[in-house]
Protein chains: 2
Amino acid sequence: MAAAEQVPIPAIRRLSLYLRQLEAFQGAGRQTVSSRDLGHSLGVSDAQVRKDFGYFGQFGRPGVGYRVPELTERVRGILGTDKKTSVVLVGVGNLGRALIAYRGFAKRGFELVAALDDDPGKIGVRTPGPKPLVVRPVADIASVVRSHAVRVGLLAVPAPVAQQVAQLMVDSGIRGILNFAPVMLRLNGDVSVSSVDLAVHLEQLAFQVSACGA
Amino acid sequence: MAAAEQVPIPAIRRLSLYLRQLEAFQGAGRQTVSSRDLGHSLGVSDAQVRKDFGYFGQFGRPGVGYRVPELTERVRGILGTDKKTSVVLVGVGNLGRALIAYRGFAKRGFELVAALDDDPGKIGVRTPGPKPLVVRPVADIASVVRSHAVRVGLLAVPAPVAQQVAQLMVDSGIRGILNFAPVMLRLNGDVSVSSVDLAVHLEQLAFQVSACGA
């Protein structure tokens, strides 16, 4: 089994996509799946599927394939989404509120334990939803991270303050940031950053749409 | 100059990132930039920067570098964001409302011309913001696409209906979809899909955070 840092990032990304497929198969009551079927819908070869799982040990049996419930659990275990991960949100604007309402978090083992903002009009407000949170000032972040053992933070603040808030998150002990602000973060410390940049996505589409002619 | 379909997708993605940097340089009043400076902050080599621009013709001068305002305009021209692109939003839930409020669209030449939803409680409601839109039923999509020459659609509907709505978008003439629903779309027709999958991002972070130990 390879050390985590030896596994290529694209392989990890594909594990997420395999998991999505496995969950769909499981929902449909399917018991076994081949590398070929698993890769097919993602446009990935069966050899690639076997190689990706190969980083994490021995899976499946020749001629039989993978058992769907077992493989689902093992992939969740590899990704770490079989455990609860405490998440904090910084920035309770429109996007922040959308993130609070997003049901996919809980389904993947992510529990939002606090929402922080520096707008006096937002601090103390209860968020909507089944598990309401009271918005706290950003200055509380270190104590929130400590008391809830938070590892991952969602950054949904305006671009001009994103860099400073992100560094504060890292200094408070956060180890992974999902960044929604349209800036490139440069952070000191041991932290993984994943950025959701809508502008980049839109530019890709603009290019492809105009490249398609007509 | 390479045909658009010969340019690798990662090169297009880097063009977006170069553009972000160029805009920052321009904002700071800088007049020229070298391949090296442009690549440096993105962790890209100067040779890669030159190769990426090389797909689109001759840029810059040896020893002088690139003129920032000129290069900015040319990259916008390549990506197609120098022109106005009409965009339609389908799904006016929490995420849809966040997208309506997102200022990055207009800045990149994307104009939201319509917001559609099938919830009778939402149809007819005016969206907030400086250019309010009245939410229309999804059935109006073909006429909206025709009357505004819409090329790109934002898909922010719940997962169970995403596939069906996306195909309706394509059938109505939409050529690029930015998909926020956590499903893999399989569409008939000439369409580019870019997916923003929060679950995948979170799983990547979960893996990296748990792989970092502690």
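Leaving aside its neighbours within four places in sequence, with which residues is Ala156(B) in contact? In this predicted model, the residues in question are Leu89(B), Val90(B), Gly91(B), Leu95(B), Gly96(B), Leu99(B) and Phe180(B).

- Ala156(B) lies in the loop of chain B that runs between β5 (152-155) and α8 (159-171).
- Ala156(B) counts as buried because its relative accessible area, 12%, falls under the 20% cut-off.
- Gly91(B), which is among the contacts of Ala156(B), stands 65 residues away along the chain, yet the C-alpha atoms of the two are separated by 4.8 Å.

**Extent of the interface**

- Chain A and chain B bury about 5400 Å² between them, and 68% of this area is on carbon and sulfur atoms.
- On the side of chain A, Leu202(A), Glu203(A) and Phe207(A) lose the most area to chain B, together accounting for 13% of what that side buries.
- In terms of contacts, 59 residues of chain A meet 59 residues of chain B.

**Polar features and make-up**

- Several elements of chain A each supply at least two residues to the side that touches chain B, including α1 (9-27), α4 (68-79), β7 (192-195) and α9 (198-211), and α9(A) gives the most, with 14 residues.
- The residues on this side of chain A divide into 35 nonpolar, 14 polar and 10 charged.

Definitions and conventions: Residues numbered from 1 in each chain as written. Chains lettered and ligands numbered in written order. Predicted model: local features only at pLDDT ≥ 70, side-chain atom pairs only at ≥ 80, totals over all residues. Heavy atoms only, no water. Contact = heavy atoms within 4.5 Å. Buried area = accessible area lost by both parts, 1.4 Å probe. Helix = DSSP H or I, 4+ residues; strand = E, 2+ residues; numbered from the N terminus. Nonpolar A, V, L, I, M, F, W, Y, C, P; charged D, E, K, R; others polar. Buried < 20%, exposed > 50% of the residue type's maximum accessible area, 1.4 Å probe, protein only.
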